[in-house]
Amino acid sequence: MVIVIIRTRTREGIDQAAYELLNARMEEIVTAMPGFVGMNGYASADGDELSMIKFESLDALRVWRDHPEHLVAQARGRSEFYASYRVEVCDVVRAYDFAAP
């Protein structure tokens, strides 16, 4: 499994409705893609947003990375919405679960 961690900070005064609409469209596309496993998002009180997106493989991630609408969304993110972002692509080395009885 491959996990993509994206930390973003939006610019002051962005069109919040347009940003949310674009994010919703990207979620619609990625969740329908073969090899997509799941995603979670978090926001901190100081304005950072963190997204964690899981894929079955690097190949599945590459298909998402190169999707034409995703490429346009990335460009819009840089030109319209983000003050900064960081993307980390991680291989899962080990994973285990616990659930209380």
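**Group meeting: the sheet and what packs on it**

Okay, let's start with β1 and β4, which pair in the antiparallel sense over nine bridges. For pairing, I mean that DSSP finds at least two bridges between two strands; strands (E, at least two residues) and helices (H or I, at least four) are DSSP runs, numbered from the N terminus. At one spot in this pair, Val-2 stands opposite Asp-91 in β4.

Quick caveats. This is a predicted model, where local features need pLDDT of at least 70 and side-chain atom pairs count only at pLDDT 80 or more, while totals for chains, interfaces and linings use all residues. Residues are numbered from 1 along each chain as its sequence is written, and side-chain values use heavy atoms, with hydrogens and water left out.

Now, the whole sheet. Four strands form an open sheet, in the order β2-β3-β1-β4, with antiparallel pairing. At the edges sit β2 (36-43) and β4, each pairing on one side only. From one strand to the next, the twist averages 15 degrees; axes here are lines fitted to C-alpha atoms, for helices over the stretch in contact, and angles run from 0 to 180 degrees between N-to-C directions.

What packs on it? Well, α1 does, touching β1, β2, β3 (48-55) and β4, and its direction makes about 155 degrees with that of β2. Then α3 packs on the sheet too, touching β1 and β4, at about 145 degrees to the direction of β4. Contact means heavy atoms within 4.5 Å.

Let's stay with α3. In this helix, His-70, Ala-73, Gly-77 and Phe-81 are buried, meaning under 20% relative accessible area, with exposed over 50% and partly exposed in between (1.4 Å probe, protein chains only). Down the axis of α3, those buried residues fall within an arc of 55 degrees, so they line one face of the helix; the arc is that of the directions from the helix axis to the C-beta atoms. On the other side of α3, Pro-68 and Val-72 are exposed. The cover over the buried residues includes β1 (2-10), α1 (16-31), α2 (58-65) and β4 (82-91).

Zooming in on His-70: at 14% relative accessibility, this residue counts as buried. Not counting residues up to four places away in sequence, His-70 touches Met-26, Trp-64 and Arg-65.

Last stop, Tyr-42, over in strand β2. Tyr-42 is partly exposed, with a relative accessible area of 49%. Leaving aside neighbours within four places in sequence, Tyr-42 is in contact with Asp-48, Glu-49 and Leu-50.
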